[in-house]
Amino acid sequence: MGLTIIGFSAKAQSTSLADNGNTPATVVKSTTSASHADYKPETIPATTSTKIEVKAKAADPDTAWKPQRRVWGYTFGDFYYDAHSDNDFVGATGVPEGGAGALSKRGAETNYSGVPTYRNAFQFRRVYLGYDYEITKKFKAELLLASEPSANTGVNGTTSIQNGDNLVDNKMSFYIKNINLRVRDLWTGTDFVIGEMSTPGFALNEGGTNGPTSLSEATWSYRSIEKTITDFHKNNSYDVGAALQGTFDPSTKNFGYVVMLGNNSQASLLSAANANTGFYKIVYGDLWAKLFDSKLYIDLYADAAKTAPATAAIGGQQHNMFKVFASYNSKPITVGVEAYTQMFTNGVANTVTKANEDATAQGFSVWVRGAVAKNLNYFARFDAYNPDTKFNPADSYAANTNYGSYNPTVKEEFYTAGLDYTPYKNVHFEPNFWLDSYKDERASGTTGYVSPDHTLVFRFTFFFTFGK
């Protein structure tokens with residue numbers, strides 16, 4: 001038997017080997033990166049003397065965090081049948097009040113503006129393609145491409161372009177909807193985000209670590225059916241700017257806030273002379289709370305934006321919104337209520353008195369959703385919208401503001417209901433109806449008056465997600 005005597009010198013860290021001349025000796029080589037389980041004996045001649053370098057083992061890397069590299073997206077669309085279109089587009093002449101190719105003055109913000117009665121088609125309404133990249137534990141980048149086309153509806157089968165997501169050759173296109181950098185925990189419980197992002201109007205904090213992933217839109221859960229009421233009437237859903245998104249209680253995350261400063265231009269590349277890109281900004285603010293084990297959710301939102309300076313013809317213009325949202329979430333049923341008021345300073349021109357006036361719009365939305373059976377849910381919703389609470393039927397008004405498709409003369413009521421069959425968590429089939437009714441607030445003898453009517457569409461909606 002060989003006898004191996006291994007001596008370690010504190011300074012030279014050398015080993016002397018001796019043998020009885022009959023049996024090979026064995027030694028163990030050490031490497032910096034190896035673990036004990038990786039050590040393997042190596043046979044060497046008994047007469048050989050060698051030196052083994054013993055180095056301190058490197059600290060194990062932090063394995064708790066794994067960087068996210070995620071491609072994701074979702075899509076929804078329908079097979080739709082337009083059972084009845086508002087008579088502002090399809091009256092006795094079969095064309096809108098403004099003539100062939102014109103947009104309706106009622107419901108211009110909807111996906112079915114200009115769709116004639118009895119049209120039916122397969123249609124995509126949204127295609128998302130996103131990529132999330134965690135640069136480090138501290139920094140995360142987000143990119144989202146979106147295509148949200150409208151049918152090239154025109155009039156009586158023509159194909160006039162009505163939506164910026166439609167190319168001039170009538171094909172769908174992608175545009176950049178989100179591109180931002182997130183700095184996690186700028187201080188404990190608060191993220192800083194800069195770039196193009198969701199506003200706190202109804203959705204926020206996509207990919208964040210502090211607070212809920214979204215507000216009223218995710219609680220409603222059926223963006224595939226329709227936007228929330230403020231989004232429906234063209235509050236900014238996303239914008240270019242900077243935001244702080246955080247919680248007041250980082251350990252429990254039951255109370256939080258968002259503050260954002262934006263261009264008020266969304267993804268549009270406006271001219272250098274446009275007030276939104278160099279002179280005025282919009283300020284968004286939001287406070288939220290989750291109570292009673294997250295069964296009750298409350299959200300308070302406000303924004304303010306100056307949009308034009310005073311001129312000889314009209315005073316300075318601005319708009320601001322105040323909104324409250326609340327929902328009760330339980331297993332059998334979820335109920336949500338959303339109400340808002342929005343002021344347009346010098347927002348309308350009274351065509352009778354020739355005066356510029358302030359206008360106040362108000363909206364109210366209530367919805368319910370719940371389970372019918374395994375993999376089968378239901379939903380129903382009602383919205384009421386009044387564009388000008390001070391409207392005088394004896395007068396006539398025109399919009400001074402360029403806010404979305406704002407029309408001070410038409411009240412709207414919106415209804416939808418349907419079923420949601422989910423054979424797999426990321427796949428939905430949603431038969432539903434979509435109804436928007438219109439009431440002209442002007443006196444019936446007023447030039448341009450249109451009698452009350454509605455648009456009714458029956459749809460088989462499909463919705464699927466991937467990469468999530």
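Predicted model: local features only at pLDDT ≥ 70, side-chain atom pairs only at ≥ 80, totals over all residues.
Let me start with Thr 446, which sits in the loop between strand E18 (427-440) and strand E19 (453-466). If we leave out neighbours within four places in sequence, Thr 446 is in contact with Pro 393 and Ser 396. The C-alpha atoms of Thr 446 and Ala 394 are 8.4 Å apart in space, although 52 residues separate this pair in sequence.

Staying with loops, I turn to Thr 409, in the loop between strand E16 (397-399) and strand E17 (410-424). Is Thr 409 buried or exposed? With a relative accessibility of 5%, Thr 409 counts as buried, because the cut-off for that word is under 20%. Its side chain makes a polar contact of 2.8 Å with the side chain of Asn 407. Beyond four places in sequence, Thr 409 touches Pro 387, Phe 391 and Tyr 397, and also Lys 439, Asp 440, Glu 441 and Arg 442.

Pro 309 has a relative accessibility of 44% and is counted as partly exposed. Setting aside neighbours within four places in sequence, its contacts are Tyr 280, Ile 314, Gly 315 and Gly 316. Between Pro 309 and Tyr 280, which are 29 residues apart along the chain, the C-alpha separation is 9.7 Å.

Most residues other than glycine have a negative phi. Against that background, Tyr 118 has a positive phi of about 80° without being a glycine, and Phe 292, also not a glycine, has a positive phi of about 55°. Tyr 118 belongs to the loop between strand E3 (69-84) and strand E4 (120-134), and is exposed at 58% relative accessible area. Phe 292 is placed in the loop between strand E10 (282-291) and strand E11 (296-308), where it is exposed at 63%.

Which residues touch the most other members of the largest nonpolar core? They are Phe 344 and Tyr 406, in a core of 20 residues. At least two residues of this core come from each of strand E7 (190-198), E10, E11, strand E13 (333-350) and strand E14 (356-373), and E13 gives the most, with three residues.

In soluble globular proteins, nonpolar side chains tend to be buried together. Here, however, there is a nonpolar surface patch of about 910 Å², whose residues include Val 71, Leu 129, Tyr 131, Tyr 133, Phe 174, Ile 194, Phe 464 and Phe 466. E4 and E19 are the elements that give two or more residues to the patch, and E4 gives the most, with three. One patch member, Phe 174, lies in the loop between strand E5 (139-147) and strand E6 (175-187), and this phenylalanine is partly exposed, with a relative accessible area of 44%.

Methods
Residues numbered from 1 in each chain as written. Heavy atoms only, no water. Helix = DSSP H or I, 4+ residues; strand = E, 2+ residues; numbered from the N terminus. Buried < 20%, exposed > 50% of the residue type's maximum accessible area, 1.4 Å probe, protein only. Contact = heavy atoms within 4.5 Å. Polar contact = N/O pair within 3.5 Å; in protein donor to acceptor, adjacent residues only side chain to side chain. Core = buried A, V, L, I, M, F, W, Y, C linked by side-chain atoms within 4.5 Å. Patch = residues over 30% accessible without salt bridge, like charges linked within 9 Å, V, L, I, M, F, W, Y side chains within 5 Å. Areas by Shrake-Rupley, 256 points an atom, 1.4 Å probe, with all protein chains shown as cover. Salt bridge = Lys/Arg side-chain N within 4 Å of Asp/Glu carboxyl O.
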